[in-house]
Amino acid sequence: MSEEIWLIGAGQMASDYAKVLKELSYDFTVIGRSEKSAKEFEYKTGVSVVQGGLENAISSASYVPKYAIVAVNVEHLAHITTLLIKYGVKNILVEKPAGLEYQEIKNLCEFAVKNNISVFIAYNRHFYASVIRAKEIIEDDGGVVSFNFEFTEWSHIIEKFQKPREVFENWFLTNSTHVVDLAFYLGGYPTKISCYTSGSTDWYERASVFCGAGVTDIGALFSYQANWKGPGRWGVEFITPKHRLILRPMEKLQIQHIGSVITEFVDIDDEMEKEFKPGLYLQIRDFIENRIDSRFVSIQQHCKNIKIYQSIENI
């Protein structure tokens, strides 16, 4: 087993991580639970898996890895991360949103802080080539003046997924925050926000329609909406004094210049995103090489963001 990096999980997301780790020539150990998932992982990646779960791996290990990446199912994220903290792993990257429920994440945050462990949430969209370029343009233009975003989910598709009931019940946290997090990453943290919801779906009782508005700590005004029973798609738009920047889809960046109604795609350096899951290459490289900057979401910042997520859900 590698003393440097542990990758926990043997599903599709773990496969995506392994592909990058191999490309970067890092020495790592994959730890999974079942024989079935291990065989599928090994077939996809060519990397062997230590079976039996994290508890067994810890009990048989004679060292503490320097880094751990947690890529298990969402309902197990907080538990696995807690085990790693107890074991003394100092640097942990955990798949978003680090837990199934808000209180579970808050408890994890308190435990990480208490034990002086660095835990980061893997919101990989911060590392998209489109987002990196958008951030550069925003900074060159003098900042964001206003922005809007949409996190519509396709209810007619989601309701057919084979997932535990509790995952559906927390869908906004486990899925929609991918959009909300990105919007506030580039547009600033909300200092004022008004939120409204209505309706429900068969699998998500809290709401099916969302809208709201507010102002962030950089003075940018924002609005959002989503309708989980109607057509729509994820997207974020930022307006600066010179441009409108459109991330829809988020892997691409469109720009509209002031005085023009034409939108055009911006050239971005996305070669790595054609070979690997978008954002993963830079995120993993910078995490392992300790290039920690504002693109990384610490567990402490994540818990601060939770206050906004709860406001949007009206809970």
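Helix H6 (residues 129-141) lies across strands E11 (235-239), E12 (243-247) and E13 (254-257), running at about 165° to E12. Contact here means heavy atoms within 4.5 Å, and angles run from 0 to 180 degrees between the N-to-C directions of axes fitted to C-alpha atoms, for helices over the stretch in contact. Helices (H or I, at least four residues) and strands (E, at least two) are DSSP runs, numbered from the N terminus.

The model is predicted: local features need pLDDT of at least 70, side-chain atom pairs count only at pLDDT 80 or more, and totals for chains, interfaces and linings use all residues. Residues are numbered from 1 along each chain as its sequence is written, and side-chain values use heavy atoms, leaving out hydrogens and water.

Let's turn to the sheet. Its 8 strands follow the order E8-E9-E10-E7-E11-E12-E13-E14, open and with mixed pairing; two strands pair if DSSP finds at least two bridges between them. At the edges are E8 (190-198) and E14 (263-265), each pairing on one side only. E8 joins E9 (residues 209-216) in the antiparallel sense over 8 bridges, with lysine 192 opposite valine 215. Helix H12 (residues 299-313) lies across E8, E9 and E10 (221-227).

Just after H5, asparagine 116 takes a positive phi of about 55°.
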